[in-house]
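Me: I have a model open and want to learn how to read it feature by feature. Where do we begin?

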Amino acid sequence: MLTLSISHRDGLARAGSISTGHGVIETPNFMTVGTLGAPKGVTPQQILDCGAQVMLMNAFHLAWRPGEEVVKSLGGLHKFTGWDKPILTDSGGYQIFSLPGLRKITEDGALFASAVDGTVRLFSPESVVDIELALAPDMAMVLDECPPFPCTPQELTNAVDRSVRWAERSFKYSSGFDRTDVNFFGIVQGGFDERERRRSLDATAAIPFPGLALGGFCVGEAIEDTHRGIVFTAPKMPADRPRYLMGMGTPVDILLAAKHGIDLFDCTLPTRNGRNGLAFTSQGKIRIKNARHTRSDKPLDPHCACYTCRRFSRAFLRHLLLAREMNAAILVSLHNLAFYLNLMKEIREAIRQQRLEVYSKDFLARWDSGEGDE
């Protein structure tokens, strides 16, 4: 059974812990994305060494390959993947937005054609619960409809209404199983309309899910709209349940959201950008392909103690990247994950000391200092 404990507050920000059947997650925290059961380009042990406490996996993709019944027969995700710490699974709601050419939405659910072999399968609120119970994560997202941006007011209203109906169906169906190990989260939608956000929040929070997520961001909108939506919605989410901001973001996004009470984050940016040679550092972003690093003996970040920064120069990493050596993607991704996890550690400590605003200003000043490449 999942429990939330808040030990410190600093304005709207909060620090504490989420206890699960596979361990405790200090909050606020960043979940490394391991869509198919492992993070791209790095090993589970490497992210453990960087301080990772929880991993996100995707029930939608795992249901296609290898299939939830295969995972179930091998003891669930923890045994199947070798990751014995907390796991959260996403449901496929984001794929309703991101794979429009492969799906059809009805009231029953979303009918998808597999990108692997063309097989057609219905992902309904109930079938997604079945999939996630078979996978057996600690936390699981219910199926929702993530509307695109832009969309018409009626399309947004319809998506909110359908997400609430699907959430109610998910909760009712999941309550019929004697399972306390898998904790389902409701998802708040509403786009960038404050009335719809509030309506979605009120209706979803009325369902006694043990946690709530904030979805529907990073779908093509301006960053100002993203931040405005987070600032409006996050503090209004129930204070006695974990608050999870889905699928974002940059260090600046994370700082803003943590200041407004978000507990959990996930994002593919650290590994996706790492594979392309973009590093996050305390002085801003660095594009390691840039010629200025050809003879640089500096680490990616002089303030970072990760394996990459302890052992390798920018010049060497650039050489590996230009030579298309896979170690380049591995080492930069590893650094980026270490940077994100250390950022969360520093945010937690700043909240405990009630100095998050000071920390935020100092971080942003360094981030915008121009010492990085951008």
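Reply: Cys 146 is buried, with a relative accessible area of 5%. Buried means under 20% relative accessible area, exposed over 50%, and partly exposed in between, with a 1.4 Å probe and protein chains only. This is a predicted model: local features need pLDDT of at least 70, side-chain atom pairs count only at pLDDT 80 or more, and totals for chains, interfaces and linings use all residues. Residues are numbered from 1 along each chain as its sequence is written, and side-chain values use heavy atoms, with hydrogens and water left out.

Me: Is Cys 50 buried or exposed, or partly exposed?

Reply: Cys 50 is partly exposed, at 23% relative accessible area.

Me: How many disulfides are there?

Reply: A disulfide is a covalent bond between the sulfur atoms of two cysteines. The rule here asks for a pair of cysteine sulfur atoms within 2.5 Å. By this rule the count is zero. For Cys 50, the closest cysteine sulfur is in Cys 306, 6.5 Å away, too far for a bond. Cys 146 is in no disulfide either; its nearest cysteine sulfur, that of Cys 151, is 9.6 Å away.

Me: Next, the nonpolar core. Which residues touch the most other members of the largest one?

Reply: In soluble globular proteins, nonpolar side chains tend to be buried together. A nonpolar core is a set of buried Ala, Val, Leu, Ile, Met, Phe, Trp, Tyr and Cys residues joined through side-chain atoms within 4.5 Å. The largest core here has 59 residues, and Phe 30, Leu 245, Phe 265 and Ile 347 touch the most other members. Helix α14 gives the most to this core, with ten residues. Helices (H or I, at least four residues) and strands (E, at least two) are DSSP runs, numbered from the N terminus. Apart from that core lies another, of 16 residues, including Leu 2, Phe 185, Ile 187 and Met 246.

Me: What is Leu 245 in contact with?

Reply: Contact means heavy atoms within 4.5 Å. Leaving aside neighbours within four places in sequence, the partners of Leu 245 include Leu 214, Phe 217, Ile 230, Phe 265 and Asp 266.

Me: Now the pockets. What is the volume of the largest pocket?

Reply: Rolling a probe the size of a water molecule over the atoms shows where empty space is left. On a 1 Å grid over the protein atoms alone, a pocket is an open set of points where a 1.4 Å probe fits, with protein on both sides within 12 Å along at least five of seven lines; lining residues have an atom within 4 Å of a point. Grid points are joined across faces, edges and corners, and a volume is the space filled by probe spheres set on the points. The largest pocket comes to about 740 Å³. Its lining has 36 residues, with Tyr 94, Gly 247, Asp 266, Cys 267 and Thr 268 nearest the centre. α11 gives the most to that lining, with four residues.

Me: Which residues lie closest to the centre of the second largest pocket?

Reply: That pocket holds about 560 Å³. Of its 28 lining residues, Cys 50, Cys 304, Cys 306, Ala 338 and Asn 342 are closest to the centre. α14 gives the most to this lining, with ten residues.
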